[in-house]
Amino acid sequence: MDALKGRDLITIRDLSIAEVAAVLQKAADIKKNPGAYKKSLDGKTLAMIFQKPSLRTRVTFETGMTQLHGHAIYLSPSEVGLGVRESVADVARNLERWVDGIMARVFAHKLVEDLAAYSRVPVINGLSDDFHPVQALADLQTVKEAAGTFKGMKLAYVGDGNNVTHSLLLAGARTGLSISVATPPGYAPRADVVTYAAEAGHETGCAVDVSHDIARAVKGAHFVYTDVWASMGQEDQAEKRKKIFAPYQVNAGVMKAAGTDPWFMHCLPAHRGDEVTDDVADSKRSLIFDQAENRLHLQKALMVMLMGD
């Protein structure tokens, strides 16, 4: 879809219903026919800015660029120092003179917004404290592969109302995948994101429900999803959160309560024994490594559509 060329992906709200469908179709085609795209980004360069470390984000973006005949440059926190060593505006204005796209994995969401505002090349949000769009899009690809459709499907998210939760809500609203969330009191997803997803979901048939009740959330769910209880930057809260979130562990009992033999999902890394038990994470219904693989294909599709000629 040429309409995406030169654009940014900061949140899934940046994409229309049709554009999300087009990205997922492109990702599926790239996964099936990788050779057809092997020179799609020939001579192109992606700058990868990392404030937060990541196994999946670095390897999938860098490998993706290599497989598309492009090149990726890893930029560590010490090399860039966004807003500290150099202003975000100056970083963006420098990079746009040298590279064809920027991927940023940051703490404050405003940093990736500012990079996009000051850069004339596409900016992809590889993760911020508020949103994780590339993960949620890869999750949509995984759901579609498993179930064949989004219509009539329900995904239950159990745990912290974090950046992944926010992006899953937006992803559901764009596809018709219903999202039910259960969090401890005080850890619900942002009210404005929930409201937007609920309203936008009317067009696609996505039902949104947010509560503190796990049984309510997972009842009838076709997918049960969880994430770590303390994200990067919240290490000082880890012990406190472990006590608060303990009742929200996804285990065999939670999966059985769905009544649908659901698939299990997790964006990884998983803290086994905390948010999920080994028997669930390693079960035949676990999709966690399919999700991880699909980060590669989905991000290749995004880069082709945003950065390609």
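Mentor: A pocket is an open set of grid points where a 1.4 Å probe fits, with protein on both sides within 12 Å along at least five of seven lines. Keep in mind that this model is predicted.

Trainee: What is the volume of the second largest pocket?

Mentor: About 240 Å³. The volume is the space filled by probe spheres set on the points.

Trainee: What makes a residue part of the lining, and which residues are closest to the centre of the second largest pocket?

Mentor: A lining residue has an atom within 4 Å of a point. The second largest pocket has 13 of them, and Ala21, Leu24, Gln25, Lys144 and Phe150 are the closest to its centre.

Trainee: Which helices supply at least two residues of that lining?

Mentor: Helix 1 (17-32), helix 6 (133-147) and helix 7 (163-175). Helix 1 gives the largest share, seven residues.

Trainee: How do the residues of that lining divide into nonpolar, polar and charged?

Mentor: Six are nonpolar, three polar and four charged. Lys144 lines this pocket, and Lys counts as charged.

Trainee: Why is glutamate 19 called buried?

Mentor: Buried means under 20% relative accessible area. Glutamate 19 has 10%, so it is buried. Arginine 7 has 25% relative accessibility, so it counts as partly exposed.

Trainee: What makes lysine 31 and glutamate 145 a salt bridge?

Mentor: Their closest N and O atoms are 2.8 Å apart, and the limit is 4 Å. This pair links distant parts of the chain: lysine 31 in helix 1 and glutamate 145 in helix 6, 114 residues apart. Lysine 31 is at 27%, partly exposed. Glutamate 145 is at 41% and counts as partly exposed too.

Trainee: How many salt bridges does the structure hold?

Mentor: There are 15. Asp130, Arg190 and Asp192 are linked in a network of them. In general, side chains of opposite charge can pair when their charged atoms come close.

Trainee: Now helix 5. Why are aspartate 114 and lysine 110 said to be separated by about one helical turn?

Mentor: Because they are four residues apart in helix 5. An α-helix has 3.6 residues a turn, so residues three or four places apart point the same way. The side chains of aspartate 114 and lysine 110 meet in a salt bridge, 2.8 Å from N to O.

Trainee: Is aspartate 114 buried or exposed?

Mentor: Buried. Its relative accessible area is 19%, and the limit is under 20%. Lysine 110, at 53%, counts as exposed, because exposed means over 50%.

Trainee: Which residues of helix 5 (residues 109-118) are buried, and what covers them?

Mentor: His109, Leu111, Val112, Asp114, Leu115 and Ala116 are buried. Their cover includes strand 1 (45-50), helix 4 (88-95), strand 3 (101-105) and strand 4 (123-127).

Trainee: On to the largest nonpolar core. Which residues touch the most other members?

Mentor: Leu137, Leu155 and Met303, out of 59 residues. Helix 13 (residues 288-307) brings the largest share of this core, eight residues.

Trainee: What does methionine 303 touch, not counting residues up to four places away in sequence?

Mentor: Leu41, Leu46, Phe61, Gly64, Met65, Leu68, Ile124 and Gly308. Contact here means heavy atoms within 4.5 Å.

Trainee: Last, the backbone. What makes histidine 69 and aspartate 261 stand out?

Mentor: Most residues other than glycine have a negative phi, and most peptide bonds are trans. Histidine 69 has a positive phi of about 70°. It sits in the loop between helix 2 (55-67) and strand 2 (71-75). Aspartate 261 has a positive phi of about 50°, in the loop between helix 11 (252-257) and strand 9.

Trainee: Why is aspartate 261 called exposed?

Mentor: It has 51% relative accessibility, and exposed means over 50%. Histidine 69, at 38%, counts as partly exposed.

Trainee: How do you know that the bond between leucine 268 and proline 269 is a cis peptide bond?

Mentor: Look at omega: about 5°. Proline 269 is in the loop between strand 9 (263-266) and helix 12 (278-281).

Terms used
Residues are numbered from 1 along each chain as its sequence is written. This is a predicted model: local features need pLDDT of at least 70, side-chain atom pairs count only at pLDDT 80 or more; totals for chains, interfaces and linings use all residues. Side-chain values use heavy atoms; hydrogens and water are left out. A nonpolar core is a set of buried Ala, Val, Leu, Ile, Met, Phe, Trp, Tyr and Cys residues joined through side-chain atoms within 4.5 Å. Buried means under 20% relative accessible area, exposed over 50%, partly exposed in between (1.4 Å probe, protein chains only). On a 1 Å grid over the protein atoms alone, a cavity is a set of points where a 1.4 Å probe fits but cannot get out, and a pocket is an open set with protein on both sides within 12 Å along at least five of seven lines; lining residues have an atom within 4 Å of a point.
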